[in-house]
Amino acid sequence: MVAAAAHNGRLRRPVIAALAALRAAVFPARCLHCRRLLPADSGGFEKPAPAGVDRDLLRPYFCSDCRAAVTPVESPLCPRCGIMFKSRAGADHLCGRCLEQAPSFNMARAALVYDRSAVDIIHCYKYKGKTRLAAPLGTILWRAFVRYWEGRPVDLVLPVPLHRRRLRRRGFNQSDLLLREWQTHSHPSAVPPMGAGVLARTRTAAPQAGLGRRERESNIRGVFTVRRPEQVDGRNILLVDDVITTGATAGECARVLLANGAARVDVLALARVI
Ligand SMILES: [Zn+2]
Ligand SMILES: [Zn+2]
């Protein structure tokens, strides 16, 4: 029985490889954004080396031009809200907005600049059903977590919740799906606990697009509720979203979590507007 299973396993591998080669010959992989043919050796997504350039993780899905346009967030940035300064010289320093009014979260960071190329990639993932992008994007998010939170305690990770109607329509919470990737790229003890259902979005806000910062803040106010305050009380919380635009959504989540006794709220996003 065991010998037969091992024999099957040995046989199965070359068959799978042959089928994959045949599939690649009949349906060559194309860039998910510009549809250009990808080189045959682009390969599938594999567990990456811990170091390395984030945009290289997108190699099986996007052509070299589309990947080259992806911009990582780098210093100098604001140590509080994580915004990257357009001037590339000098040290990290507080931005004008944080000096004027400190956000309710303790610190926010993002892996990528939310520019044209990141918009296209994240739209592919969120709206065009390319959920296989959760593997590289979740890994990019994990690397940012390791980079910025090393040595900082995080007791609970919460994805920014969607309203249940939107969740039903889309079929998945984009931040939650990225976080599931964390388990596959790390030792389980290195991944902080995830809090499903701790924070909920109990009403929908009017679309935020086109609104200024203050309008976004009042539009989003009262949208979130803490369902399990006992899990929040005294904890260091990491809130995870796919994109930070003005920080109004993250700020409102942080406000509600702090009002329910959270010790500290940090924010991590895949991309942020600069
Ligand atoms: Zn392309
Ligand atoms: Zn700032």
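This is a predicted model: local features need pLDDT of at least 70, side-chain atom pairs count only at pLDDT 80 or more; totals for chains, interfaces and linings use all residues.
1. R35 sits in the loop between α1 and α2. The backbone here deserves a look: phi of R35 is near 70°. That is a positive value in a residue that is not glycine.

2. Which residues coordinate the zinc ion (ligand 1)? They are C31, C34, C63 and C66, each through SG. The distances are 2.3 to 2.4 Å. The angles among the 4 donor atoms run from 103 to 118°, and the site is tetrahedral. Every angle has to fall between 85 and 135 degrees for that label, so the range of 103 to 118° qualifies.

3. Along the chain, the donor residues of ligand 1 follow C-x2-C-x28-C-x2-C. C34 belongs to the loop between α1 (2–26) and α2, while C66 belongs to helix α2, so this pair ties together parts 32 residues apart in sequence. How exposed are these donors? C34 is partly exposed, at 34% relative accessibility. C66 is buried, with a relative accessible area of 14%. C63 is buried as well, at 3%.

4. The zinc ion (ligand 2) has its own set of protein donors: SG of C78, C81, C95 and C98. They lie 2.3 Å from the ion. What is the arrangement of the 4 donor atoms around ligand 2? It is tetrahedral, because the donor atoms subtend angles of 104 to 114°.

5. The spacing for ligand 2 reads C-x2-C-x13-C-x2-C. Here too, the pair C78 and C98 links distant parts of the chain, 20 residues apart. C78 is in the loop between α2 (64–68) and α3 (96–100), and C98 is in helix α3. Is C78 buried or exposed? C78 is buried, with a relative accessible area of 0%. C98 also counts as buried, at 9%.

6. How many disulfides does a search of the whole structure find? It finds 0.

7. A cis peptide bond joins S75 and P76. Omega there is about 5°.

8. Helix α2 also holds A68. A68 is exposed, with a relative accessible area of 54%. Over 50% is what the exposed class requires, so A68 falls in it at 54%. A68 and I140 are 72 residues apart in sequence. Their C-alpha atoms are 15 Å apart in space.

9. The largest nonpolar core has 77 residues. Which of them touch the most other members? They are F62, L137, W182, L238, L239, L257 and L268. Helix α5 (residues 134–149) supplies the largest share of this core, 9 residues. L137 is in contact with L58, I121, Y125, L178 and L270, leaving aside neighbours within four places in sequence.

10. Strand β2 (residues 156–159) is covered on both faces. L156 and L158 are buried on one side. V157 and P159 are buried on the other.

11. β2 pairs with β5 in the parallel sense, over 4 bridges. P159 stands opposite V240 in β5.

12. N236 is found in strand β5, which covers residues 236–244. N236 is buried, with a relative accessible area of 14%. Which residues does N236 touch, not counting those up to four places away in sequence? They are P153, V154, D155, L156, A263 and R264. One of these contacts, L156, is also among the buried residues of β2.

Definitions and conventions:
Residues are numbered from 1 along each chain as its sequence is written. Chains are lettered from A and ligands numbered from 1 in the order in which they are written. Side-chain values use heavy atoms; hydrogens and water are left out. Helices (H or I, at least four residues) and strands (E, at least two) are DSSP runs, numbered from the N terminus. Buried means under 20% relative accessible area, exposed over 50%, partly exposed in between (1.4 Å probe, protein chains only). Contact means heavy atoms within 4.5 Å. Donors are N, O and S atoms within 2.8 Å of the metal (3.2 Å for Na, K and Ca); water is not among the atoms, so sites may look incomplete. Four donors count as tetrahedral if all angles lie between 85 and 135 degrees; four count as square planar and six as octahedral if opposite donors are over 155 degrees apart and all others between 65 and 115; anything else is irregular. A disulfide is a pair of cysteine sulfur atoms within 2.5 Å. A nonpolar core is a set of buried Ala, Val, Leu, Ile, Met, Phe, Trp, Tyr and Cys residues joined through side-chain atoms within 4.5 Å. Two strands pair if DSSP finds at least two bridges between them.
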